[in-house]
Amino acid sequence: MKITLVQHDIAWANPQANVERADSIISANPGADLYLLPEMFSTGFITKPVGLAEPADTDTVKWMIRKAKEMDAAICGSIAIEDGGKFYNRMFFVEPDGKVTTYDKSHLFLYAGESDNYTAGTERVIVEFRGVKILLEVCYDLRFPMWCRNSMDDEGNALYDLIIYSAEWPLARRLAWDTLIPARAIENQCFVAACSRVGNDDWGVYFGGSKIVHPYGHILAESPEDGKECAITGEIDMDQLNRYRTKFPTLKDIIWKKDYC
């Protein structure tokens, strides 16, 4: 599976401009199976969503559906959504055939007031796409290893093969980002793809740091250090992952299973 991380700047509360920018970057980088966008890629990280969050049937998701079909690839990213009178930081995973899977961010960022206005998701979501089982996660979820803990099903298969994170991770906490992404890959024997934004807003400066990581913790692909917009593409090898899990079966040694979380 080939993955492209769309690391872009975000115009505050301007979905049209942000969708146009994401569309341009994706179109300029054809050939991926999955395009991953940052957290709240259409508005920026809004913690006071009244009047700014998009409706559940937003044009942004309609664009994702059109673009996924056009590129013959999945498009994924999170959007601030108002649904049924509540607000959600909702990740959309849109497939080329129009299928849409959603995950509502579970760990809301208390430090910035996100938890004051948004409703937390309560369910982990795993989607299977082109032979890869993918766990959907958003930004702050990265800090909670129990939430993304991999395990094995009753038939002895890993629950997932890849974690994807849409994020807006600030420069001030870069060390945590660079440390935790490889940690999640190593401890769960999976690939990790994490996409964050660049630019700045009232919350701070964003450095990007988007990357794809191997289960050994090696970096397969990573954005440059300049903090600029770019597309980062890397390929994950499922045969390689399966050989590693067979040779070094740490998931079989977990003393608890699916009911832990």
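Contact here means that heavy atoms lie within 4.5 Å. The model on display is predicted, and residues are numbered from 1 along the chain.

**First stop: S210 and Q7**

Select S210, in the loop between β12 (204-207) and β13 (211-213). Its surroundings, leaving out residues up to four places away in sequence, consist of L5, Q7, A194, C195, S196, A221, E222, S223 and I232, each of which S210 touches. Is S210 buried or exposed? Its relative accessible area is 0%, and because buried means under 20%, S210 counts as buried. Now display the side chain of Q7: the side chain of S210 makes a polar contact with it, at 2.9 Å.

**Second stop: S223**

Beyond its neighbours within four places in sequence, S223 is in contact with Q7, G208, G209, S210, C230 and I232. With a relative accessible area of 6%, S223 is buried.

R130 is not a glycine, yet its phi is positive, at about 50°. Its relative accessible area of 39% makes R130 partly exposed.

Then select C139, which is placed in the loop between β8 and β9 (162-167). C139 is likewise not a glycine and has a positive phi, of about 40°. Its relative accessibility is 7%, so C139 counts as buried.

Which residues have the most contacts inside the largest nonpolar core? They are I3, F93, I134, L136, L162 and I164, in a core of 50 residues. Centre the view on I134: with residues up to four places away in sequence set aside, I134 touches F93, V125, I126, V127, F129, L162 and I164. Another core lies apart from the largest one and has 20 residues, including V61, W63, M64 and A73.

**Last stop: the largest pocket**

Finally, turn to the largest pocket, whose volume is about 270 Å³. To find its centre, select F109, E168, P170, R173 and Y206, the closest to that point among the 19 residues of the lining. What is the make-up of this lining in nonpolar, polar and charged residues? It has 13 nonpolar residues, one polar and five charged.

Technical notes
This is a predicted model: local features need pLDDT of at least 70, side-chain atom pairs count only at pLDDT 80 or more; totals for chains, interfaces and linings use all residues. Side-chain values use heavy atoms; hydrogens and water are left out. On a 1 Å grid over the protein atoms alone, a cavity is a set of points where a 1.4 Å probe fits but cannot get out, and a pocket is an open set with protein on both sides within 12 Å along at least five of seven lines; lining residues have an atom within 4 Å of a point. Grid points are joined across faces, edges and corners, and a volume is the space filled by probe spheres set on the points. Ala, Val, Leu, Ile, Met, Phe, Trp, Tyr, Cys and Pro count as nonpolar, Asp, Glu, Lys and Arg as charged, and the others, Gly among them, as polar. A nonpolar core is a set of buried Ala, Val, Leu, Ile, Met, Phe, Trp, Tyr and Cys residues joined through side-chain atoms within 4.5 Å. Buried means under 20% relative accessible area, exposed over 50%, partly exposed in between (1.4 Å probe, protein chains only). Helices (H or I, at least four residues) and strands (E, at least two) are DSSP runs, numbered from the N terminus. A polar contact is a pair of N or O atoms within 3.5 Å; within protein, one must be able to donate a hydrogen and the other to accept it, and residues adjacent in sequence count only if both atoms are side-chain atoms.
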